[in-house]
Amino acid sequence: MCGGTHIGYLRAMKKTPGFFDKRQIRLEKAYYEHCDLVIAHSKQMNHELVNFYSVPENKISVIYPPFSIKNFSVTSEENRNALRQYFRFSNDKVIFLLPSAGNHFVKGFDLIAEYFSKTTLPIELVVAGRPIPSSYKNVRFIGFQKDMSKVYQAADFTILPSRYEAFGQVGPESVACGTPVIFSNVVGSSEVIDEKAKLIFDWAKEGDVNRVVEQALKWANQGARLQNPLKLIHCQTDVVDHVKSVLNSWIEVTNERL
């Protein structure tokens, strides 16, 4: 199962491989060389496997990870308003949710926090997960949340400004809750989200973040909640179906039945 590659990560971070990086890359190459099948969690990972590790295309199957539609779903407008009050979301601002339980730098927090701290637009960045390193204007930390579906339901948009993101499960989870997503152009799960539910930007393009934020504000003014959101997610949501796809790929590649 390939949910990320170390070479891809180092390139995205613009890091030169050190001693332990080289050891990890050697291990990854050995795994890919000796296995019969590699499940890539996005086309982006397929690209990295082929171009960085020389894995043959016929050895790779792109199968997106599933998520629970029981845990992530649309709520009523009444309940959503109650959740916004609970999380102290201002009705005068459009709320952008950043789920970041791991490495803030990888998630691009520093870059997006700088943008929010300087803007005069009626927006707020809400960070759920690991504590943020310092205080910023228009940025608020709400800590780790046991039920992220409630935060998705309350927010206006989910934003993932990552420097490297092999898939990004928060994408389909957010959309399933009726909340559109804003992604940097390296987020793998953008592959499974319909154009009607996402905005994509490129950190390398000057002013591109401001472009998508202003577009998001227009969406919000028009009512940005997603209708029939499961139709806007183009991947399997059932774990059993996911396992069947993996087993079928194994049979196809090895001609062996388990």
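Which residues touch the most other members of the largest nonpolar core? They are Phe96, Leu125 and Ile182, in a core of 56 residues. A nonpolar core here is a set of buried Ala, Val, Leu, Ile, Met, Phe, Trp, Tyr and Cys residues joined through side-chain atoms within 4.5 Å. Buried means under 20% relative accessible area, exposed over 50%, and partly exposed in between, with a 1.4 Å probe and protein chains only.

Before going on, the ground rules. The model is predicted, so local features need pLDDT of at least 70 and side-chain atom pairs pLDDT 80 or more, while totals for chains, interfaces and linings use all residues. Residues are numbered from 1 along each chain as its sequence is written, and side-chain values use heavy atoms, leaving out hydrogens and water.

Helices are DSSP runs of H or I, at least four residues, numbered from the N terminus. Phe96 is in contact, meaning heavy atoms within 4.5 Å, with residues including Phe116, Leu125, Ile182 and Val213, leaving aside neighbours within four places in sequence. Apart from this core lies another, of 18 residues, among them Tyr9, Ala40, Leu49 and Val106.

Next, Asn46, in helix α3, residues 43-53. Asn46 counts as buried because its relative accessibility is 12%. Beyond four places in sequence, Asn46 is in contact with Ala40, Glu57, Ile60 and Val62.

Last, the cysteines. There are zero disulfides, a disulfide being a pair of cysteine sulfur atoms within 2.5 Å. Cys2 is buried, at 0% relative accessibility, whereas Cys35 is partly exposed, at 23%.

Notes: Helix = DSSP H or I, 4+ residues; strand = E, 2+ residues; numbered from the N terminus.
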